[in-house]
Every structure is written in C-alpha cells, then in structure tokens.
There are 2 protein chains.
Amino acid sequence: MHRFLEEAIREARLGLEEGGIPIGSVLVHRGEIIGRGHNRRVQGGSVVLHGEMDALENAGRLSAAVYRECEIYTTLSPCSMCSGAILLYGIPRVIVGENRTFLGEEDWLRSRGVEVVLAEDERCVELMTRFIEAQPTLWNEDIGV
Amino acid sequence: MHRFLEEAIREARLGLEEGGIPIGSVLVHRGEIIGRGHNRRVQGGSVVLHGEMDALENAGRLSAAVYRECEIYTTLSPCSMCSGAILLYGIPRVIVGENRTFLGEEDWLRSRGVEVVLAEDERCVELMTRFIEAQPTLWNEDIGV
C-alpha cells in the first residue's frame, strides 16, 4: 500500500511544482500502476480533472472487468464527482491519504460497497494545509465553495 | 426550457455523427448557454467526458456564485460521476431528457436539494435506444457494466 500512496504524493508534489493544486492519484491494477495524475485546474484550466479523474483519464478506456480488479489511491478524500466516478466504474477499493482538510463522500462510497481505507498520512495533510492557507480562493473554486 | 433541451439534443446528434455516444448537454446561466458538449469516449478516448462533464469543461473555470445561478440540460439521466459533478459545483437544477434507457442518480440529487426535471423527450429515448441496440458493448463500457 505505502508504495502506491508514495506515488500519489509524488503526483501531488508535481502538481504543486507546476503551480497547481497539490492532489495526486494513482490507479492500480493487480499491483501495477496503470494510470496516474494530479489536479489540472490551474495547469489545464480543467474543472473536471481532479487528481482521481486525471488518473482515470490517463489510464484510458478500460473494461468493467479491469476496473473491478483495481484500487485507486488519492492523497485527499474524494469529492462527490470523484466518488461518483469511482462508483460508475465499479472500483472496489479506495485508499485515502487524508480527510482532515476536506471530507468527501466516503460514507456514500461505503454505503455502495466500496472499501475506503484512510491512511492518515501527515505529508498529505501538510501539503493541503499549506496550500489552503496560501490560496484559499483557488481551493474554494476547486470544491465549489 | 425547450430551446435548451433542443441544444442538448443537437449536441447528442453531433456526437452520433462523429461516431460517438449520443448524449449531449448544455450549461445555462441566466438564460444563456455558457457551456455545451457531448460524450467524448469514442472521439477523444475519454473516460471522464460524459456529455455533462464536457459541457462543464467547455464552460471553463467559474466561481461557485455563477454555478449557483445555472441549470444544466442533459439528454440522458446523469450517472453517478455527472451527478457528483453537479453536486460539487452546486448547480441547483437539472433538466433530464429521458431516464428510460438509463436511470442515473436522480434520487441522490433530489436528496441533496437539486431540482430534477424530467422532460420525457421521445427523441432522446430514440437516440439512445437505437445506439444501445447498435453498440451494446460500447454502451456498457461507458456506464461501467
């Protein structure tokens, strides 16, 4: 597990270096990363490419059979859009770096049978805490506040 | 209302002409279309650009204040991902062309205070019925089945 969360954090840091919102994600199939990405609001002007969505998009078109053997790692608790994408594609397991700076739809995911594992990773908390302090308006835009 | 649903249907037909999945959407702000789009799975190899997502993406970055004065028109009942995006951005009203060929997360949207209006438009039903008959595998891929 830790290796893949490391990779999600690496994506988040890459996003930060690009001037973007530091949230990263990797999609893992049978122990192999098949998609990785990070939030693209600033870099790409995207309103749909949150970290998880970017990882899914970069993984490309897959059959339901593949998604059902996947797990997705994300540095931050998945919002309603990303949770909805996880449910749409039937990804059975989500590993969340932290949910202290933002709590997404973890209960909804669990109610639909998705296993949600909370890592409580301090590096993830720190990335978001610093970012939110530095750019509150940008952060609010990203979560529709 | 009818004028904007017409535009969503126009987008769906455009998608069909391009060889894609015939679902279209428009985002309307104070009576003016500010974003329009259609499903991009075939055309762009996208797994995140459903019709509604494409319309949101094409509208670009907006503040929460703008989304809250918007309504979104879609030819087909919004799936969990698209419903999640609607909730994320706080769009208060969704006009759905039809939900006979696919029923999305309308109940979830309503439970969170979104007004969902069902148009029961026969053209929307026909577009999807023909498409699903012609390309069932592609359709299943789009909805994670």
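The model is a predicted one, in which local features need pLDDT of at least 70 and side-chain atom pairs count only at pLDDT 80 or more, while totals for chains, interfaces and linings use all residues. Residues are numbered from 1 along each chain as its sequence is written, chains are lettered from A in the order in which they are written, and side-chain values use heavy atoms, with hydrogens and water left out.

**The sheet of chain B**

- In chain B, five strands form an open sheet with mixed pairing, in the order β2-β1-β3-β4-β5; strands (E, at least two residues) and helices (H or I, at least four residues) are DSSP runs numbered from the N terminus, and two strands pair if DSSP finds at least two bridges between them.
- Strands β2 (32-38) and β5 (115-118) of chain B stand at the edges with a single partner strand each, so one side of each has no neighbour in the sheet.
- From one strand to the next the twist averages 20°, where axes are lines fitted to C-alpha atoms, for helices over the stretch in contact, and angles run from 0 to 180 degrees between N-to-C directions.
- Strands β1 (residues 24-29) and β3 (residues 70-76) of chain B run antiparallel and are joined by five bridges, and B:Val26 has B:Tyr73 as its bridge partner in β3(B).
- Helix α1 (residues 2-17) of chain B packs on the sheet, where it touches β1, β2, β3 and β4 (93-98) of chain B, and its direction makes about 25° with that of β2(B); contact means heavy atoms within 4.5 Å.

**Salt bridges**

- Over all chains, a search of the whole structure finds 35 salt bridges, each being a side-chain nitrogen of Lys or Arg within 4 Å of a carboxyl oxygen of Asp or Glu.
- B:Asp54 and B:Arg40 meet through their side chains in a salt bridge of 3.0 Å, N to O; B:Asp54 lies in helix α3 (residues 51-59) of chain B and B:Arg40 in the loop between β2 and α2 (41-44) of chain B, so the pair ties together parts that are 14 residues apart in sequence.
- B:Asp54 is buried, with a relative accessible area of 3%, whereas B:Arg40 is partly exposed at 25%; buried means under 20% relative accessible area, exposed over 50% and partly exposed in between, with a 1.4 Å probe and protein chains only.
- A:Arg110 forms a salt bridge with A:Asp107, the closest N and O atoms being 4.0 Å apart, and both residues lie in helix α6 (residues 106-111) of chain A, three residues apart.
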